[in-house]
Amino acid sequence: MSWFVRKEKGINTPTEMKREAPDGLWYQCPSCKKIMHTREHKLSAYTCAHCNYHDKVGSEAYFELLFDNNEFTELDANLHSGDPLNFIDTKPYPDRIRATMLKTGLKDAVRTAHGKMNEIDITIACMDFNFIGGSMGSVVGEKIARAIDYSLQNKQPFLMISRSGGARMMEAGLSLMQMAKTSAKLALLSEGKVPYISLLTDPTTGGVTASYAMLGDFNISEPGALIGFAGPRVIRETIGKDLPKGFQSAEFVLEHGFLDFIVDRKDLKDKLSSLLKILY
């Protein structure tokens with residue numbers, strides 16, 4: 001039975017005959033470290049099949065997930081930041097903007113669009129953390145304000161998907177003004193009896209949390225998202241005490257009454273549709 005026994009030990013394939021696995025074929029979960037096929041990861045709405053870790057994704061993924069057949073009309077697609085303060089840190093602000101636009105293919109840290117979600121007309125604003133940490137500058141505030149105006153004029157619900165490190169320091173006070181600006185617009189939405197749903201994703205911090213992210217008729221979140229104003233390290237050093245376990249996680253925030261519910265990304269479209277059908 002020599003055919004059943006390996007006669008030679010080791011692998012003798014010549015180097016030039018070996019084939020490398022294509023890049024991007026496999027996904028390793030940063031939480032549980034297990035491997036899954038990239039296609040399976042995408043079909044699971046970019047969540048881990050083993051531990052349900054929700055990977056950080058941007059507007060492209062959310063629009064594809066929520067809009068029917070990924071069909072939507074983008075609003076103010078070409079709006080981009082100026083340099084009102086002539087700000088320079090390690091590089092001039094305009095250079096940083098241009099470099100980030102080339103790297104990400106985005107114009108700024110938020111994209112806004114309208115379309116149908118399970119046959120329900122909806123306007124969605126979605127932040128992209130890859131654009132300078134999803135920081136809130138003048139363009140972010142303006143695009144959100146215009147999206148709210150569109151939602152109000154057309155009497156269709158407004159969904160805000162937040163992922164941000166807070167205000168954009170390169171625009172200083174002009175950035176902070178966007179907190180009041182967007183909050184005032186949302187008040188008009190409330191007066192017009194148009195539903196506003198705020199989805200907080202990982203991370204949602206700083207001035208975004210202090211303004212539009214927490215002003216929804218329904219404030220919801222993805223599992224495990226970091227939600228807070230100041231970071232845990234800053235708070236710990238300020239109060240001089242260790243923080244509770246899971247502090248500022250979505251589950252902790254829900255337990256303390258700041259969220260209405262937590263929704264798995266795979267169920268997001270159906271849950272949002274069901275909620276809006278109840279409201280209308």
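Predicted model: local features only at pLDDT ≥ 70, side-chain atom pairs only at ≥ 80, totals over all residues.
Gln248 has a positive phi of about 70°, although it is not a glycine. Most residues other than glycine have a negative phi. With a relative accessibility of 7%, Gln248 counts as buried, because buried means under 20% relative accessible area.

Is Asn118 buried, exposed or partly exposed? Its relative accessible area is 27%, so Asn118 is partly exposed, given that this class lies between the 20% limit for buried and the 50% limit for exposed.

Strand S5 also contains Thr123. Thr123 has 0% relative accessibility and therefore counts as buried. In sequence, 34 residues separate Thr123 from Pro157, while in space their C-alpha atoms are 6.3 Å apart.

Strand S7 brings another backbone feature into view. A cis peptide bond, with omega of about -5°, joins Asp202 and Pro203, and Pro203 lies in strand S7. In general, most peptide bonds are trans. The loop between strand S7 (196-204) and helix H6 (206-209) holds Thr205. Thr205 has a relative accessible area of 14% and is therefore buried. Where along the chain does one find Ile227 relative to Thr205? The two are 22 residues apart along the chain, and their C-alpha atoms are separated by 5.8 Å.

The protein has 9 helices and 9 strands. Of its 280 residues, 43% are buried. Along the principal axes, the C-alpha trace spans about 85 × 50 × 45 Å.

Among the helices, H3 (residues 93-104) can be followed from end to end. Helix H3 has 12 residues, and the distance from its first C-alpha to its last is 16 Å, close to the 16 Å expected at 1.5 Å a residue. Which residues of H3 are buried? They are Tyr93, Arg96, Ile97, Thr100 and Met101. Viewed down the axis of H3, these buried residues fall within an arc of 135°, so they line one face of the helix. Leu102 and Lys103, on the other side of H3, are exposed. Just after H3 comes Gly105, which takes a positive phi of about 75°.

Ile144 has its place in helix H4 (residues 138-153). At 1% relative accessibility, Ile144 counts as buried. Ile144 and Leu75 are 69 residues apart along the chain, and 9.8 Å separates their C-alpha atoms. Lys277, by contrast, is found in helix H9 (residues 268-279) and is exposed, with a relative accessible area of 55%. Along the sequence, Lys277 and Ile120 are 157 residues apart, yet the C-alpha to C-alpha distance between them is 8.6 Å.

The next feature is an open space rather than a single residue. The largest pocket holds about 340 Å³ of space. Its lining is made up of 15 residues, and those closest to its centre are Val57, Gly58, Ser59, Asp128 and Asn130. Which element gives the most to this lining? Helix H2 (residues 59-66) does, with 4 residues. Sorted by class, the lining of the largest pocket has 5 nonpolar, 4 polar and 6 charged residues.

Aromatic rings complete the picture. How many aromatic pairs does a search of the whole structure find? The search finds 5. Ring pairs link Phe63, Phe67 and Phe72 into a cluster.

Definitions and conventions:
Residues numbered from 1 in each chain as written. Heavy atoms only, no water. Phe/Tyr/Trp six-rings, centres within 6.5 Å; stacked < 30°, edge-to-face > 60°. 1 Å grid on protein atoms, 1.4 Å probe; cavity = no way out; pocket = protein on both sides within 12 Å on 5 of 7 lines; lining within 4 Å. Points joined across faces, edges and corners; volume = space filled by probe spheres on them. Helix = DSSP H or I, 4+ residues; strand = E, 2+ residues; numbered from the N terminus. Nonpolar A, V, L, I, M, F, W, Y, C, P; charged D, E, K, R; others polar. Expected span 1.5 Å × (residues − 1). Buried < 20%, exposed > 50% of the residue type's maximum accessible area, 1.4 Å probe, protein only. Arc of directions from axis to C-beta.
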